[in-house]
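Here are my notes on the model you sent over.

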Amino acid sequence: MFYKNLVNLIFIFMCICSLAAKGSTFNIEIDADMDNSTLHALSLNGNLGPAQVMSFTGRHVENDNISHFYCAELTQPIGPGTYEFTQVELSSIHNKYHKAAWLMDTYSHYTGTPQSGAVQLAIWEAIHESSGNFDLYSGAFMLLHSFTLDFAVEIADITSTFLTMYDPNKDLSNYVVYQNPTLQDTIGEELDITEVPEPSTFLLYILAIGLLWLKKVNFRRNIIEKSK
């Protein structure tokens, strides 16, 4: 009986460890296409200044899946490199991120172009504006000046489309927010978070299979002993 209980306890522990090893935090390599970067003077509650604006790519380091990202906040820095992010569903956070995903989805044809900067500005407006007025030229978040390209036409189009066509019920479950406590959060299409098991995790699986085999052997032995 002691042996059987010990096997059960070890098996449960190994299952818990295996699940924990599969967590939703993983490494993403950020790659910014500087050819599509544009420079703008921005204001958030009277602060900030010049900022580079663009869409960029994120590569899941473990399985090479790639998604296009936009920055979802302004108060923390981010740049090319590899960082840990946690993938968060839109449905579990503030609906302003749904607005940002709607903008990203509706204007996906700008992805990878300098005009993606107009989408990024609109995303920051949707996320940071506290006045409730979707207007890039007034309120808590403002576009003060564009140093490299004038996005007046694109901004006017995005603004009118957002105000007349935004659907708060649109299914955007393929978009998620990637969070890091010390970096700018980003928003993009969901990456497959299935990771290649680390060696320690792989060993856990092998040990769990071995324990299952021992339980099976022990079960058969008990049956044979009872039939005698």
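Which residue forms a salt bridge with Glu-29? Read on to point 2 for that one.

1. Ground rules. This is a predicted model, where local features need pLDDT of at least 70, side-chain atom pairs count only at pLDDT 80 or more, and totals for chains, interfaces and linings use all residues. Residues are numbered from 1 along each chain as its sequence is written, and side-chain values use heavy atoms, with hydrogens and water left out.

2. The salt bridge. The partner of Glu-29 is Arg-59, with the closest N and O atoms 2.8 Å apart. A salt bridge here is a side-chain nitrogen of Lys or Arg within 4 Å of a carboxyl oxygen of Asp or Glu. This pair links distant parts of the chain: Glu-29 sits in strand E1 and Arg-59 in strand E4 (residues 56-60), 30 residues apart. A search of the whole structure finds three salt bridges.

3. The barrel. Six strands make a closed barrel in the order E1-E4-E5-E9-E8-E6, with antiparallel pairing. The twist from one strand to the next averages 45 degrees. On terms: strands (E, at least two residues) and helices (H or I, at least four) are DSSP runs numbered from the N terminus, and two strands pair if DSSP finds at least two bridges between them. Axes are lines fitted to C-alpha atoms, for helices over the stretch in contact, and angles run from 0 to 180 degrees between N-to-C directions.

4. E4 and E5 run antiparallel and are joined by four bridges; Thr-57 has His-68 in E5 as its bridge partner. Their hairpin has five residues between the strands, and Asp-64 takes a positive phi near 70 degrees there. Next along, three bridges join E5 to E9, where Tyr-70 stands opposite Ile-187. Ile-187 turns up again as the bridge partner of Val-177, as E8 (residues 175-179) and E9 (residues 186-189) are joined by four bridges.

5. The helix on the sheet. Helix H2 (residues 96-106) packs on the sheet and touches E5 (66-71), E8 and E9. Contact means heavy atoms within 4.5 Å. The direction of H2 makes about 50 degrees with that of E9.

6. Four bridges join E2 (residues 38-44) to E3, and His-40 has Ala-51 as its bridge partner in E3.

7. The largest pocket holds about 390 Å³ of space. (A pocket is an open set of points on a 1 Å grid over the protein atoms alone, where a 1.4 Å probe fits, with protein on both sides within 12 Å along at least five of seven lines; lining residues have an atom within 4 Å of a point. Grid points are joined across faces, edges and corners, and the volume is the space filled by probe spheres set on the points.) Its lining counts 21 residues, with Gln-52, Met-54, Cys-71, Ile-78 and Gln-184 nearest the centre. E3 gives the largest share, four residues. By class, the lining has 15 nonpolar, six polar and no charged residues.

Terms used. Nonpolar A, V, L, I, M, F, W, Y, C, P; charged D, E, K, R; others polar.
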